[in-house]
Amino acid sequence: MNTSNSQEYYNEFFETFFEKGWFLSIQKIYDLRNEHIFGGELLLRVGLKGSHLDNSRFFPEVCNDERYINVSLRILDLIKESIKSKQFAFPERTFINATPAEINNLQIFTSLNELGTLFKENQKTLVVELSESFKKSDYLGYSKEIVELAKSGIELAVDDYGKGDLDYEIYKELDLTFVKIDKSLSTGNLHRKMVKSLVEFCASEGIICIAEGIETVDVVNELKLNGINYGQGFYLDKPKSILFPQD
């Protein structure tokens with residue numbers, strides 16, 4: 001898809017975001033051993049509540065459109081405003097997504113650092129998720145900047161494990177706290193060899209594995225048998241709307 005065609009394709013996303021509105025939902029992440037809340041992931045919803053767009057139609061490619069930088073800044077500004085006045089809305093650990101293009105943008109990088117400091121001041125932790133939907137080469141150019149985020153109290157996670165080409169060496173380089181396993185690996189029959197290798201590596205490095213897309217109790221039980229003790233998904237919690245720009 002060339003630049004002009006991609007911009008035309010994403011017009012629906014940006015027009016909806018800037019003209020009709022957007023909000024943020026949160027989905028809780030659980031400790032599967034005791035069913036306690038471990039954290040939660042903030043999720044972007046574009047459009048009106050009850051009729052928002054299906055993000056899977058646009059992500060992750062839409063993040064490479066230059067207009068997405070303004071979307072990211074609006075989201076970060078809302079979270080910064082809210083952590084000051086609505087601390088109760090955020091769990092102990094709050095996960096948000098960031099793409100290579102966002103981390104490579106000085107405004108967003110600065111805003112993320114500010115947000116990490118605000119969370120720390122409120123006795124909470126911000127976790128930045130780096131999606132494996134992007135290529136290893138997308139991250140190598142500024143791995144130092146990614147690690148720099150930790151100085152603001154931010155913890156790092158790789159999202160969508162199993163979808164991309166990131167490897168264990170870059171996991172070490174980024175000093176990860178979490179790896180989130182993509183739904184395609186953590187539902188139904190687990191890809192046992194791949195998951196076992198990841199669990200063993202994470203255990204040796206002190207990294208916590210979190211399974212995504214959990215929809216049944218059978219999956220919960222199998223995950224625990226395979227040494228994965230944290231997860232999120234519709235079986236555990238359905239996303240709930242919590243932050244609106246007009247509030």
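Tutor: Ala, Val, Leu, Ile, Met, Phe, Trp, Tyr, Cys and Pro count as nonpolar, Asp, Glu, Lys and Arg as charged, and the others as polar. The model here is predicted.

Student: How do the residues lining the largest pocket divide?

Tutor: The lining has 20 nonpolar, twelve polar and eleven charged residues.

Student: What volume does the largest pocket have, and which residues are closest to its centre?

Tutor: The space is about 1,200 Å³. Of 43 lining residues, Glu41, Leu43, Asn55, Asn97 and Asp159 are the closest to the centre.

Student: How do you know that the span of α2 agrees with its number of residues?

Tutor: At 1.5 Å a residue, the 18 residues should span 26 Å. The end C-alpha atoms of α2 are 26 Å apart, so the two values agree.

Student: What makes a residue of α2 buried, and which residues are?

Tutor: Buried means under 20% relative accessible area. In α2, the buried residues include Tyr68, Ile69, Val71, Ser72, Leu73 and Lys80.

Student: What lines the second largest pocket?

Tutor: Its space is about 190 Å³. Among its lining residues are Tyr30, Asp31, Arg33, Val217 and Lys224. The largest share, four residues, comes from α10. The lining divides into six nonpolar, one polar and four charged residues.

Key. Residues are numbered from 1 along each chain as its sequence is written. This is a predicted model: local features need pLDDT of at least 70, side-chain atom pairs count only at pLDDT 80 or more; totals for chains, interfaces and linings use all residues. Side-chain values use heavy atoms; hydrogens and water are left out. On a 1 Å grid over the protein atoms alone, a cavity is a set of points where a 1.4 Å probe fits but cannot get out, and a pocket is an open set with protein on both sides within 12 Å along at least five of seven lines; lining residues have an atom within 4 Å of a point. Grid points are joined across faces, edges and corners, and a volume is the space filled by probe spheres set on the points. Helices (H or I, at least four residues) and strands (E, at least two) are DSSP runs, numbered from the N terminus. The expected span of a helix is 1.5 Å times one less than its number of residues. Buried means under 20% relative accessible area, exposed over 50%, partly exposed in between (1.4 Å probe, protein chains only).
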